[in-house]
Amino acid sequence: MDGFSDRLSQHFASSHDMINANAQAEATEVEKLQNEVRSLVAALGEMQEKLGEVGTGTAEVDISGISEQLSGMSEKLETHVHKENVRVYRNVQAALSDELGKQAEQVNEQLSSNNQLIFEELKNKTDMLSAMLETLNEQQKSQGQAVSGMAAQLNEMEESVKKSIRNRALLPIQIIMLVILLGELAINVMLTLGYL
């Protein structure tokens with residue numbers, strides 16, 4: 001952004017130089033016209049002095065031509081100054097318009113390049129995030145499979161524990177039944193042998 005500010009100040013400096021050069025040319029022209037008016041005024045003054053020296057009042061000198069010339073020069077000077085002012089104004093306006101157009105183009109180019117860089121950076125970040133999400137999904141799936149395997153193992157262990165508990169609960173009953181059966185068998189054998 002500093003480079004842009006430097007270029008902007010350089011462009012405006014060149015516009016100011018152009019304005020100063022136009023103003024200087026105008027000042028030179030005005031000074032030239034003012035010198036012409038001064039020389040006419042001096043010539044008019046000399047004529048009036050000569051007339052005063054000559055003049056006892058018998059001869060009339062017509063100075064109306066000189067004063068008309070002087071007023072014409074004054075009008076010409078005013079017209080010229082006005083035209084120069086308008087020309088300088090238009091030159092400055094055109095220079096500033098051109099300069100502002102160039103500046104706008106440069107700003108647009110910089111914004112476009114900055115937008116492109118930001119877009120590429122966002123795309124890279126999005127790609128990285130997508131890759132990370134895929135990795136996380138894969139890890140989650142593998143962890144889900146591991147959890148499912150562990151759940152199946154826990155179910156098998158629970159079934160075996162339940163069977164073991166059932167078997168242990170039936171064992172005393174089976175022993176009692178076995179003892180009763182053995183007792184009945186012994187009684188039947190004794191009855192058959194006639195001991196009872």
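Analyst: Gladly! Let's start with a pair in one helix: Arg87 and Glu84 are 3 residues apart in helix H2, so about one helical turn separates them. Helices here are DSSP runs (H or I, at least four residues; strands are E, at least two), numbered from the N terminus. This is a predicted model, where local features need pLDDT of at least 70 and side-chain atom pairs count only at pLDDT 80 or more, while totals for chains, interfaces and linings use all residues. Residues are numbered from 1 along each chain as its sequence is written, and side-chain values use heavy atoms, leaving out hydrogens and water.

User: What do the side chains of Arg87 and Glu84 meet in?

Analyst: A salt bridge is a side-chain nitrogen of Lys or Arg within 4 Å of a carboxyl oxygen of Asp or Glu. The Arg87 and Glu84 side chains form one at 2.4 Å, N to O.

User: Is Glu84 buried or exposed?

Analyst: Buried means under 20% relative accessible area, exposed over 50%, and partly exposed in between (1.4 Å probe, protein chains only). Glu84 is buried because its relative accessibility is 13%, whereas Arg87, at 35%, is partly exposed.

User: How many salt bridges does a search of the whole structure find?

Analyst: The search finds 3. Among them, Glu121 pairs with Lys125 at 3.8 Å, N to O, and Lys123 pairs with Asp127 at 3.7 Å. Lys123 and Asp127 both sit in helix H2, 4 residues apart, about one turn. Lys123 is partly exposed because its relative accessibility is 46%.
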